[in-house]
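Please consult the model alongside them.

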Amino acid sequence: MKRYVIAMDQGTTSSRAILFDRQGRVVSMVQREFKQIFPKPGWVEHDPMEIWSTQMGVTMEAMQKVDARADEIAAIGITNQRETTVVWDADTGRPVYNAIVWQCRRTADAIEELKSRGYSETIRKITGLVPDAYFSASKIAWILDHVPGAREKALQGRLRFGTVDAWLIWNLTDGRVHATDFTNASRTMLFDIHNLRWDEKLLDLFGVPASMLPQVKPSGGLFGTTDKFGGDIPVTGVAGDQQAALFGQCGFEAGDVKSTYGTGGFLLMNTGERAVCSQQGLLTTIAATDGSRVQYALEGSVFVAGAAIQWLRDEMRMLRSTPQSEEYCTAVPDTNGVYVVPAFSGLGAPYWNQYARGTIVGLTRGVSKEHFVRATVESLAYQTNDLIAAMQQEAGLHIQTLKVDGGASANNFLMQFQADIAGLTIERPRCVETTALGAAYLAGLAVGYWKDQNEIRANWQRDRIFTPGLPAEQRSRLLAGWRRAVRCATAWASEEE
Ligand code: ADP
């Protein structure tokens, strides 16, 4: 009797395992943080063996907690931090270097050089991505260039590359399977998202031998079978974290959107079978699907979202806890004319200005801490709204409702303000573990644990709905103020002597 599906949720700071039941409820969850390695300023690494051992450990413990046997597990789904790069020896299974994490900036100069040589458009057309050090390609090249002997071994076909999903699958199957899924492949900057294959021109450009690359498969389907948990369990779902979250929010159709309010913010819109090419710096990526049809998504990110609330708590010392921000927001009727633009590390889409810096405008003598906190919380909604507007315009799709998740989506004031400022209905689900749930759904659908998408839709339960209520005139006035504030944030840097 298959009672559960396991989601392995391998994130940037922790490995988690969750057992879900047929209703999509969390039955058991175990999480473990692992070491963040910062060898130099701007460099970020993980130990791939620790990623593997913590992921194994939490999975076993999550099973033990509810006394689940392997034969009660229908399938395993994997979701993971995207872009992070592992290169290992095919014979020994040992990594040749630490995992280079998506945040790591060590290859920023190499990317700048490629851009100056005029490769941006080619990369964009093939991969849907704006060339950046985030993506795996330049990280693989760095390892081959800097680890002694690595390039020779790679040329002899003795090294393997994988994003974290592929690394886990390799280990779960004792090296029998070297595979990844479309969503993860679409973040490597080596994958042709239109023809669904590794692109030879880009492999040449980055000097990556094809023999290193995993086989790429649809997100739902058999990747391999693992015997690590006391019996055979199939691995039948794989997706990068943001795409898994869109799937977990039942974003199955063109026009479906989810917005995540975590440390950073992520907006993903399903654009159906159409790969929309953005003129405003949004990324085109592959969405997770069960079955064989391919769907695309537009993606935009907010660099500083919940991190701004942490900043209020830790550096400004205005809050004891991040949830306390809500009390301050509702203690005043407005921000008293203040705008906070938390461009601590520049601004992303649709502005793309890496020199912009945090800016506070509109201060007058009557401005209090409450106004300041409120203006900071509102900035999460304004930034997300900028992405929503860009997406609707470029995809030519009208967003019906916005599904939300992530830590700061618990803030009711923020959600109401987001609904007001975007003029959209917002639905917050009861289960906010949407990333893990997405991986579980992909895996469970592939083995018939869930019959079809309708059965999954029936599981989606609403915690709360927020409907827009702000008069149009007030909304445009607030938005005009935000645009002026953003101009100030960019002017500050551009006028530097
Ligand atoms: P991540 O997955 O990126 O680590 P989470 O989804 O766990 O992030 O969300 C954590 C973020 O949410 C933190 O940056 C925190 O400041 C913010 N946050 C949590 N609760 C609230 C709240 N009630 N109001 C505003 N922000 C919040």
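Two strands pair if DSSP finds at least two bridges between them; helices (H or I, at least four residues) and strands (E, at least two) are DSSP runs, numbered from the N terminus. This is a predicted model, in which local features need pLDDT of at least 70 and side-chain atom pairs count only at pLDDT 80 or more, while totals for chains, interfaces and linings use all residues. Residues are numbered from 1 along each chain as its sequence is written, and side-chain values use heavy atoms, with hydrogens and water left out.

Q: In which sense do strands E16 and E18 pair, parallel or antiparallel?
A: Strand E16 spans residues 265-272 and strand E18 residues 295-302. Met269 lies opposite Leu298 of E18. The two strands are joined over 7 bridges, and their sense is antiparallel.

Q: Which strands stand at the edges of the sheet?
A: The open sheet has 7 strands in the order E17-E18-E16-E15-E21-E22-E23, with mixed pairing. Each edge strand has a single partner strand, so one side of it is left without a neighbour in the sheet; these are E17 (283-287) and E23 (462-466).

Q: How is H13 oriented to H16?
A: Helix H13 (residues 412-422) packs on helix H16 (residues 472-494) at about 100°, their axes being 9 Å apart. Axes are lines fitted to C-alpha atoms, for helices over the stretch in contact (heavy atoms within 4.5 Å), and angles run from 0 to 180 degrees between N-to-C directions. Angles under 35 degrees count as roughly parallel, over 145 as roughly antiparallel, 65 to 115 as roughly perpendicular and the rest as oblique. H13 is therefore roughly perpendicular to H16.
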